[in-house]
Amino acid sequence: MGKYGLAALTGMLVLSFQNCSKTGFSMDNVGGETSAALSADNTVGNDVVLRLEPALAIRGMGCVQCHAKVDSSIVTDFGYNGDGKGRDYFFSLPTQTLGSATTTWNSGGIYGDHGNNFNTMTIPADKSVFVPRAVAPAAVTSATAAKTLAEYIQGQFSIAADAGTKAASVYEKSSIYIGAPTEADLVNAFGGFGANERQKYFRDPVGSPLAGLQDRGNFFQNNSVVTCDGDLLLRGPLLLQNLQLNTNTGCRIHVIGSVFIYGPISFTNANVNRNIQITSTKAIAMGLGSVKLSATFCEPNSNWAMYPTDPSWVKASSMISRFTDIWTDPSFMLRQSGDPKAFGNSVLAEAAIIEAAAGTLYDAACRGEGRNVAFERIVLNAPVVHSRYQGNVSGTIIAEYAVMSLGEFKFKFDPVFLHEQLFPRLNKKIYLDVVD
């Protein structure tokens with residue numbers, strides 16, 4: 001493989017292309033069933049996944065890359081393309097200030113770098129990072145001599161201690177878009193969705209009717225086993241606890257609101273096509289808690305709990321820390337919100353709605369399954385993805401930024417998505433598009 005600056009990879013073969021012609025869908029809804037066709041552009045899945053097989057497609061890699069173990073490719077743009085305007089947050093520029101906090105390209109912001117993140121992660125020598133053709137800001141070039149984003153990452157790889165990382169390749173593409181659907185995108189994708197409608201379900205031709213999902217009036221919750229083969233649209237936040245999923249063709253959940261996931265997601269059968277895909281217009285929070293259990297930490301020896309000299313850093317819970325405190329410095333911008341704290345408060349408000357009816361949402365460390373939970377055959381897409389779990393992730397995470405609890409686990413692309421479509425009702429330009 002060549003290095004950055006060369007033409008896009010050619011000759012990549014798609015070895016499996018089955019089940020890519022699901023054009024006849026039926027809709028299970030209050031009004032019965034009706035037929036609904038997909039646009040031809042989306043019936044073969046997302047070509048980015050087929051060509052690049054990414055485990056991570058994240059704009060702001062500044063936090064997730066540190067000490068990450070990635071066994072598949074990465075797609076990133078360092079915040080280069082902000083809703084088609086270009087350079088909105090590129091390398092955390094322009095300098096952002098919110099209150100007393102100020103961030104620059106190397107102060108640890110998510111769209112910048114700490115100056116040693118890409119050389120501390122591990123990625124096999126035969127895997128790659130894909131970035132847009134982008135001239136590095138003058139401050140980056142002055143400090144590192146790198147003239148482009150690709151040169152910067154390749155330079156970091158060259159000084160990595162890990163032999164695989166040192167030999168990994170960086171490739172330039174003419175453009176990269178990483179995003180998530182808006183409410184308008186989802187309403188359009190499902191052929192309309194009234195303000196008072198709660199859910200809409202398009203069933204795959206050989207799939208089963210939807211079952212096992214409870215509408216609690218202002219949020220949704222699984223009832224143990226959920227049967228789902230197709231595309232589901234929900235209005236309002238979604239709570240998934242120890243989800244058991246009965247699916248043959250895959251369950252694709254589209255949420256207008258946030259998604260809160262606790263415990264493992266398991267499949268009730270061994271069907272080769274089983275998978276789960278979740279896209280949210282706001283945030284996906286995995287294993288985050290809103291309060292301490294009995295006013296104490298469930299991991300008394302963790303870094304999170306051991307800050308006696310600065311108790312203000314700890315705050316009340318992992319939910320508050322992630323959404324309204326630690327990870328909301330001025331660099332944590334999103335296309336839909338220029339105020340990270342206001343955005344975070346809106347997510348906490350949805351969590352409060354769920355807690356009022358379903359009970360306290362405790363941190364993963366305080367729950368029976370603990371934090372060592374793995375996920376497979378999964379695609380997660382949202383503006384923000386936060387996780388407290390430390391198990392391996394087999395699938396793809398697509399987000400503007402993600403803050404994961406990095407440990408000894410790996411992010412790895414799941415081959416089921418070589419033949420199962422990603423969000424077939426959504427145009428790829430909404431969530432992940434790479435142009436050679």
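This is a predicted model: local features need pLDDT of at least 70, side-chain atom pairs count only at pLDDT 80 or more; totals for chains, interfaces and linings use all residues.
A residue is described as buried when its relative accessible area is under 20%, as exposed when that area is over 50%, and as partly exposed in between (1.4 Å probe, protein chains only). Residues are numbered from 1 along each chain as its sequence is written, and side-chain values use heavy atoms, with hydrogens and water left out.

Aromatic contacts were examined next. A pair of aromatic rings is described by the distance of the centres and the angle of the planes. Rings of Phe, Tyr and Trp (its six-membered ring) pair if their centres lie within 6.5 Å; planes under 30 degrees apart count as stacked, over 60 as edge-to-face and the rest as tilted. By this criterion, the whole structure contains 13 aromatic pairs. The pair formed by Tyr89 and Tyr111 is stacked, because the ring centres are 5.1 Å apart and the planes stand at 25°. Tyr89 belongs to the loop between β4 (73-75) and β5 (96-98), and Tyr111 to the loop between β6 (101-103) and β7 (128-132), so the pair ties together parts that are 22 residues apart in sequence. Strands (E, at least two residues) and helices (H or I, at least four) are DSSP runs, numbered from the N terminus. Tyr111 has a relative accessibility of 1% and therefore counts as buried; Tyr89, at 11%, also counts as buried.

A second pair joins Phe190 and Phe202, whose centres are 5.4 Å apart and whose planes lie at 45°, so this pair is tilted. Phe190 is in the loop between α5 (183-189) and β10 (199-203), and Phe202 is in strand β10, 12 residues apart. Both Phe190 and Phe202 are buried. A charge sits over a ring if NZ of Lys or CZ of Arg is within 6 Å of the ring centre and within 35 degrees of the ring normal. Arg425 lies over the face of Phe190, at 5.5 Å from the ring centre, and its charged end sits over the ring of Phe202, 4.1 Å from the centre.

Elsewhere, ring pairs link Phe78, Tyr80, Phe90, Phe91, Trp105 and Tyr152 into a cluster.

Helix α8 was also considered. The buried residues of α8 include Phe343, Val347, Leu348 and Ile354. Just after α8, Gly359 adopts a positive phi of about 100°.
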